[in-house]
Amino acid sequence: MALVTIDTTTVAETDRLDFWRATVCDQFVALDVTPSTTGLVSGRVTASSVAGTHLRRISSVPHRFDRTTRQVRAADEDYLQIALARRGRTLVAQDGREAVIGPGEFVIYDSSRPFTFVTTDSFEYQVCLHPKSALPLSRAEMAESTAVALDGRRGVGAMLPPLLSSLDRAIGDDVPLAAQEAVARTIGDVFVALVRSTVPASAPENLHVARARGHIREHITDRDLDPAGVAAACAISVSYLHKLFAEEGTTVAGAIREERLQGAWTDLRRPELAHVGVGAVGARWGMPDPAAFSRAFRARFGRSPKAHRES
């Protein structure tokens, strides 16, 4: 977690703009970096990483930052990111939405799709880049959470500023790898909580669907769990159960699979279960066929169960 500081004042004035653009792209993701001032550009980045999660603090004069479609296609970065404003106001645009954040507010954005940041004055952000493959979130959940202004002073969002500040203070300490991995997992849990806190309120869940989901959770480790058993437990027909889940944009089998994969995802990162084989973890969650479990896990999270555990 060693802290690195990069400052434009350390290079010749004639080289500062190119140096600054290269620094931003190296420490974040590939971007078009356009200062809004005509004078000498100044900027500062402090950087550290913990088990694949990157922590950054950036400050500079007014800017426009664009992540273009071309840059997305050419890059291999795949992060879900949070930018917490410490100074200045910023317009953030992604996925057809726009949000304005000021001091104490933050926004979630995704490196795998184009985005734009436009600052109106000098700014300072704390930014956290977390690998998407380490998050048990669906593409839809992540896409719905971007470019939404969130308050870091109340609600679930109040967890973020003190967490980032405490990580700042921990930078430079001799932190063992196991502790770094635990810190990264904690950051990931905060990402999940923040993303799921942005889901808009919806109509009350159908009573039959609520009962079905409750039965699925209660019996998820039963490898014979299927739509017929769920329907019987809810005293409704299988066809009606399928209709209810279809109205929510999913399927009964999909809901069962998601619960199982979420459970396996969590168990595979638990140190106390490191001695349990990957196939055995799948079997614990009602997926006894190792090959089928591995395929489903990779399709859902973008990497194999073994790679997830080793990460």
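Where is Ala235 found? I will come back to that residue in a moment, after a word on the model. This is a predicted model, in which local features need pLDDT of at least 70 and side-chain atom pairs count only at pLDDT 80 or more, while totals for chains, interfaces and linings use all residues. Residues are numbered from 1 along each chain as its sequence is written, and side-chain values use heavy atoms, with hydrogens and water left out.

To answer the opening question, Ala235 is found in the loop between helix H7 (227-233) and H8, where helices (H or I, at least four residues) and strands (E, at least two) are DSSP runs numbered from the N terminus. Phi of Ala235 is near 60°, a positive value in a residue other than glycine, and Ala235 is exposed, with a relative accessible area of 69%; here buried means under 20% relative accessible area, exposed over 50%, and partly exposed in between, with a 1.4 Å probe and protein chains only. Ala51 also has a positive phi, near 50°, and lies in the loop between strand E3 (43-50) and strand E4 (53-60), but Ala51 is partly exposed, at 34% relative accessible area.

Let me turn to the sheet. Five strands form an open sheet in the order E2-E5-E10-E7-E8, with antiparallel pairing, two strands being paired if DSSP finds at least two bridges between them. At the edges are strand E2 (32-35) and strand E8 (97-101), each of which pairs on one side only, and the twist averages 10° from one strand to the next. E2 pairs with strand E5 (residues 63-67) in the antiparallel sense over four bridges, and within E5 the bridge partner of Thr34 is Arg64. Helix H1 (residues 16-27) packs on the sheet, touching E2 and E5, and its direction makes about 135° with that of E2; axes are lines fitted to C-alpha atoms, for helices over the stretch in contact, and angles run from 0 to 180 degrees between N-to-C directions.

Finally, a helix pair. The axes of helix H6 (residues 207-218) and helix H8 (residues 238-247) come within 10 Å and cross at roughly 100°, and H6 and H8 are therefore roughly perpendicular to each other, a term that covers 65 to 115 degrees. On the H6 side the contact (heavy atoms within 4.5 Å) is made by His208, Val209, Ala212 and Arg213, and on the H8 side by Tyr240, Leu241, Leu244 and Phe245.

Notes:
Parallel < 35°, antiparallel > 145°, perpendicular 65-115°, else oblique.
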